[in-house]
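Please go through the structure below with the text beside it.

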Amino acid sequence: MRKQIVLFFIGILTIIVLAGCGERSQTDVVESLDKKVKEMSGYKAEAKMTLQTGNEEQVYEVEIWHKTPTYYRVHLKNAARDQSQMILRNDEGVFVLTPALNKSFRFQSDWPQNSSQAYLFESLVKDVLEDPEAKFTANDKNQYIFETKTNYQNNKMLPMQEITFNKKELSPASVKVLDTDRNPLVVVEFLKFEFNTSFDKNSFDVDKNMSSAQIEVPALASGEREPFAVKYPLEQPTGVKLLEEKEMETKNGKRVILTYGDVDGEKSFTLIQESTEIATPASASSSTFMNGEIVDLGFTIGGLNEHSLTWTNAGVDYMLASDDLTEEEMIMIAKSVAGQESK
């Protein structure tokens, strides 16, 4: 009898253990992700981001620091082009730094809360939580995979994303942002991820980060500029075409004004390109205030307001201005400029 009782309890324990080893449900994983975000003090991560813009693939190294609740440092580097840009958020606002040009811009912005961010853990979890139709699977690599809607300004172009989390720590493994044909236009692969790391008091300071980033990418001298090459957008609204191109000399080199429109005059815009003015070291500590919101164009960070979108790339300042275009259309055009080769 005693032997039978022992065997009975062993059987019960075996069933409990086996049940505990079963796959977790979507609800279980979502609840655990939500709890992880609420309990963490922050993290440090390293990732590789690949952008498919036009015919050209661009690869960026991304270093991400986050200290809860609102401190951020995202450093994007493209070694092939000697490009470096950084987004900082601290108590003074949101800053976009371009170390090679010694430039700093300050925004009063809700970033990163205002849209999806493919390289921020808490943003990915938010997208999972807010999509009641999110699809969930588990693979044989000890990973959970969610397919969710995105919350980008141009989410008609990039409506879906595939987010993969590691089962053990629920850290992000990869993100694929998909277009309407399910082609991955943005791919983020996380190489390192560490929760609850410590930061020193200057980790999110603008001047300190500008100085340290300039050591990696020295400030451009006037003789080191890339040759100015006019860029033409690959995409524009249906029926819109180039109507006029003007070129003029400025103190920094060259300015080109491209005017686009359609036959009905319903859709028009102007794209201005100009050799950027390099800030002097003395002006590095004073940031230029920008109206509008930060927009992640993938290859660079821009500033978007009601009628214009501005950004800097490869030593050239760009401004896209229009009274007719939607924000989504302006972002579409700006993103397509990066993938275009000059005529």
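Asn 142 is in contact (heavy atoms within 4.5 Å) with Phe 165, Asn 166 and Lys 167, leaving aside its neighbours within four places in sequence. Between the C-alpha atoms of Asn 142 and Lys 167 the separation is 5.5 Å, although these residues are 25 residues apart along the chain. Asn 142 belongs to the loop between strand S7 (135-138) and strand S8 (143-149); helices (H or I, at least four residues) and strands (E, at least two) are DSSP runs, numbered from the N terminus. With a relative accessible area of 53%, Asn 142 is exposed. On this scale buried means under 20% relative accessible area, exposed over 50%, and partly exposed in between, with a 1.4 Å probe and protein chains only.

This is a predicted model, in which local features need pLDDT of at least 70 and side-chain atom pairs count only at pLDDT 80 or more, while totals for chains, interfaces and linings use all residues. Residues are numbered from 1 along each chain as its sequence is written, and side-chain values use heavy atoms, with hydrogens and water left out.

The protein chain contains five helices and 19 strands. It has 343 residues, of which 46% count as buried. Among its contacts between residues at least 6 apart in sequence, 53% join residues at least 24 apart.

Helix H3 (residues 121-129) holds Asp 127. A salt bridge requires a side-chain nitrogen of Lys or Arg within 4 Å of a carboxyl oxygen of Asp or Glu. The side chain of Asp 127 does make a polar contact of 2.9 Å with the side chain of Ser 116. Such a contact is a pair of N or O atoms within 3.5 Å; within protein, one must be able to donate a hydrogen and the other to accept it, and residues adjacent in sequence count only if both atoms are side-chain atoms. Not counting residues up to four places away in sequence, Asp 127 touches Ser 116, Thr 148, Lys 149, Asn 151 and Gln 161.

Helix H4 (residues 206-216) has Val 206, Asn 209, Met 210 and Ala 213 as buried residues. Seen down the axis of H4, these fall within an arc of 100 degrees, so they line one face of the helix; the arc is that of the directions from the helix axis to the C-beta atoms. Strands S3 (71-78), S4 (83-90), S5 (93-98) and S6 (103-107) are included in what covers them.

A nonpolar core is a set of buried Ala, Val, Leu, Ile, Met, Phe, Trp, Tyr and Cys residues joined through side-chain atoms within 4.5 Å. The largest one has 70 residues, and Ile 64, Leu 309 and Trp 311 have the most contacts inside it. Helix H5 (residues 327-338) gives the most to this core, with seven residues. Another core, of seven residues, lies apart from it; Met 86, Phe 95, Leu 97 and Ala 213 are among its members.

Over the whole structure, a search finds 11 salt bridges. One of them joins the side chains of Glu 189 and Lys 48 (3.6 Å, N to O). That pair links distant parts of the chain, with Glu 189 in strand S11 (residues 184-195) and Lys 48 in strand S1 (residues 42-53), 141 residues apart. Glu 189 is partly exposed at 33% relative accessible area, and Lys 48 is partly exposed at 35%.

Arg 73 pairs with Glu 63 in a salt bridge whose closest N and O atoms are 2.7 Å apart. Arg 73 is buried, with a relative accessible area of 5%, whereas Glu 63 is partly exposed at 22%.

Glu 133 forms a salt bridge with Lys 149, at 3.7 Å between the closest N and O atoms. Glu 133 lies in the loop between H3 and S7 and Lys 149 in strand S8, so the pair ties together parts that are 16 residues apart in sequence. Glu 133 is exposed at 58% relative accessibility, and Lys 149 is partly exposed at 43%. Elsewhere, salt bridges that share partners join Lys 135, Glu 147 and Arg 182 into one network.
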